[in-house]
Amino acid sequence: MEEKFEPKLTAFVCNWCTYAGADLTGTSRIKYQSNVRVLRVPCTGRIDFMLVMKAFQKGADGVIVSGCHPNDCHYTSGNYHARRRWMVYKDLMDFMGMDTRRVTFSWVSAAEGVRWAQLVNEVTDQVRALGPYAEYQQLVGAGIE
Amino acid sequence: MEALKQKAKDLLERGEVKAIVGYTKGTGDIRRPYFAQRPEQVDGLVLDEACTQNLATYATKHEVRHLGKLGVVALPVTQRALLQLMAERQIRDGDVIVLVAEEGNVEKGNVKELASAAALEEHLALKTDVMDEKDQELLAKLNAKSREERWAFWHRELSRCVKCYACRNSCPMCYCDHCTMDCNRPQWVPVASHDLGNFEYHVVRAMHLAGRCVECGECGRACPVGIPVHLLTFFAEESVHRQFGQRAGHSAKLDYALSTFRPDDKESFIR
Amino acid sequence: MADTFELSHEALNGLFAALRKDGRRVLAPVDSDGRTELNEVESPAQVAKDYLQTILSAKEVVFPKVERLLSYTTGPGKVELKDPEPKALPTVLFGVRPCEAAAFGALDAVFNWDTRDSFFNARMAQIAVIGLSCTKADAACFCTTVGGGPADTRGSDILLSPIEGGFLAEVLTEKGRSIQALAPELFQDGRGIDKTAVKLDKAFDQPALTAKLPGMFDSALWVDQSLRCIGCGACAFVCPTCVCFDIQEEADPKQGQRLRCWDSCGYRMFTLHASGHNPREVQSQRWRQRIYHKFSYYPERYGMLGCVGCGKCTRACPVDMNLREHLVETSEMKA
Amino acid sequence: MSETNIYLPNLMRIAKITEESPAVKTFRLEFVDEVAAQNFEFKTGQFGLYSAFGEGESTFCIASSPTRKGYIECTFREAGRVTAALADKEVGDIVGFRGPYGNVFPLEDWQGKNLVFIAGGIALPPLRSVIWNCLDLRDWFKDITVVYGARSVADLVYKHELKEWSERSDMQLVTTVDPGGETPDWKGKVGFVPPVVEQLGPSAENTIAIVCGPPIMIKLTLPVLQKLSFPPERIFTTLENRMKCGLGKCGRCNTGKSFVCKDGPVYTLAQLNELPAEY
């Protein structure tokens, strides 16, 4: 029997909103797909594009980046700064031929436990449909004699 | 040409600058960077169509800075880079005296001396074209391809990279003493020039130049194996321009696009 | 004495076929988008026409830009080492310029002067070199100045020199004879035919330069010459003799590998100590090291030069550091 | 014809860890493989490349004496990626070791002579190997003097051994700390190494001086030794250039025609004077 592909997802979330939101999902006993590994950072402003690249390098099929809604940043403007960088990074990813459908940027607040579950479920389904990110894995190990 | 030499000579003789950074005749038809430190050395200066290198790179090179105050024979790309270096507080307004050929042609026009950022900004305001047509075409061609074709293109091209860092070292905006590529705690990008190390390096380079690239194309010219790496930073810079409405290299008071924001920055992809 | 044969263009087709049939890949200069690089080819028709040189050198075949020296797995209180066998494929390098062919000797000097480097040696054992004499040279070339020449046979197993209708083939070594033996009928008697190659005058007196370098260490010349050097590694990476390398570790929590990568003495980081102290702090010292290593230390240590005069560094340099010109300038300096 | 992979390290188990001073540790390492242990030999002055698997290799001298069999010791300061990873290791962990590499202190030539060791800070380890070696062959030599200085009392390494040396009657130990680095109960000298050596004024007659320390200490100590009439041939030191292969190939430690990893790390001042000052 062919083994069904289960995507590996990495989520970089801010401590104050999305992480708390995901916590709420749990304490509210809302079930969602278990493909995601959550990595907590202080603020979305801390999420360097290299974190996303590292996730893909290490075999992630999809990445979620999420933090406080605009105007809600614990540090006032970290998410605004992050947004600008995402705008350029996503553009560049596309230009370099990376599959931008595999990165999801989102705002999830501490109160949005349901929304977090929905987001993860949607992204998991979407990446499952896309299949493994084999294209990026072509890079790993190539060019070493 | 005589006007430029005279101007350079005057500056050196009056002691206003310690060295003139310009061009001289190199191998075959090539022009190479040239440093005139004594008045009689200005005779080696050349300025013509074959001069392409962005000399602003030397404004932050320790060994050159060490010479003292510089006069820089500046093409438009060099002018933009010097302004951007001022915006990034790498050189101070007045640190360098900029020599430009009026009307861009040293044989026709006069040679102007621009000693301040304001003068440089005013001079540059006359020029609106940034990227040359060939590069515009190349970018358009790549953008017209499918995502998969672009992946194939960059994968193939970047796998040829040998990580000699000619692109980085030739770039006037890559002045960091401790480039992230040289830091190993943590080691963000593999040092080895295998496919992954190359791809990640060029992502980092492009991202770090987004909003700072003056689109001189020096990196692409410098690449010994002929990878059009300049298209990556051009694209990133154009992305900033398109989305945030600002361009690097036109003002000494530009805020770095990616360290600032507007609450109403418009995007369409954040869920 | 080399055996001399005539090899027609037609016969070369046959030779390529015979080599491939024998299980050898053929690497040759190929023109791709105006860039001449070493690539695998099936027939002579794919070989670049009228090329001066490839950008990178044939060094990459025996000393790749990244190669695995070892790998390992780790566990609590446990490490298991894996010794990788170099994947050296039987390879014929076709169309290598005599300068580059001569450079294999300079690489061998470093890799094997003391302990023997199994990686380099395994790859060297698998290659055979079919050199091709030069019919042109440019302003960067100076092979004749450093003991080589446009039709120099050192390093080649077979040297081809273009003649009317094909090539004059000098079969020089045992490896060359084994290639010839794959299709002896293709090699016609070529005794008495003269080989022709481009004429290239000596640019400077190399022995005199080598003799005077030790006395010029503190010359201001090095600062003057290197002021425009931007400290990239292009010269070293295209150089057929530059052998300096780095060893890099790449690992996950449970496994890892050590990779040998090209490095360059032109980098500030090359000699930087952990303490922050740097023996070669400024670019002029690093430029001087490059010159001295090739023209003074190499001769002293290995009895040969570390430069073959191919001019690749000059062509690759983004700021036109013309090695030949700078060496001429150095030669003309009063000691 | 198969050649061996010269880049393959030996596996070593950490048998003991000593905290010497802030950020400085000494490892005692034992070969995991019995055969390798039996075949292993080194001489004082030699060094090795120690690996923290996952991070890379770093170069230090072998700080133990070849007369002490069955193990080697190394002392290192946490300064970079590899040393930081090594510092995190615990007893029983596995590290890698390639070596011994480099040349040696010519003890045979020193027989019948007085020895003066001068060391600063973290540069005592290379001399510790030779000091113990000489003490274990005590009959070979006449007077043995050790001058050792560090920035502060806390920065002195091998404190327990310093105590042992100070109590021995067959050698003289002079310890010093930089002004301001002393503690209330400090019994040694206060001052920089060069003036302390000058004050001590060891006779150059039939004496070998071995100097190891940070570049600035060496730079200021050499004139003192010259003033005391030590000829360059009888002043020894070790160079600590950056290395990657340790085998005379990677080019990193190249200084003049010399490879520090092969022709060094031990040099006499006379030899150094022949090299460009790129170390």
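In chain B of this predicted model, 64% of the contacts between residues at least 6 apart in sequence join residues at least 24 apart. Buried residues account for 49% of the 271 residues in chain B. The secondary structure of the chain consists of 10 helices and 5 strands.

The overall dimensions of chain B can be set against a simple expectation. A compact globule of 271 residues would have a radius of gyration near 18 Å, and the 19 Å of chain B therefore agrees with that rule. Along the principal axes, the C-alpha atoms of chain B fill a box of roughly 60 × 45 × 40 Å.

Chain B is divided into two parts, domain 1 (2-124) and domain 2 (133-259). A distance of 25 Å separates the C-alpha centres of domain 1 of chain B and domain 2 of chain B. Where the two meet, 19 residues of domain 1 of chain B are in contact with 17 residues of domain 2 of chain B. On the domain 1 side of this contact, the elements that give two or more residues are α3 (76-87) and α4 (117-124) of chain B. The largest share of that side, 8 residues, is supplied by α3(B).

The side of domain 1 of chain B that touches domain 2 of chain B has the following composition by residue class.

| Class on the domain 1 side, chain B | Number |
|---|---|
| Nonpolar | 9 residues |
| Polar | 7 residues |

Key: Residues numbered from 1 in each chain as written. Chains lettered and ligands numbered in written order. Predicted model: local features only at pLDDT ≥ 70, side-chain atom pairs only at ≥ 80, totals over all residues. Domains from an automatic or database assignment. Contact = placed C-beta atoms within 7 Å. Helix = DSSP H or I, 4+ residues; strand = E, 2+ residues; numbered from the N terminus. Nonpolar A, V, L, I, M, F, W, Y, C, P; charged D, E, K, R; others polar. Rg over C-alpha atoms; globule rule 2.2 N^0.38 Å. Buried ≥ 20, exposed ≤ 12 C-beta atoms within 10 Å, placed from the backbone.
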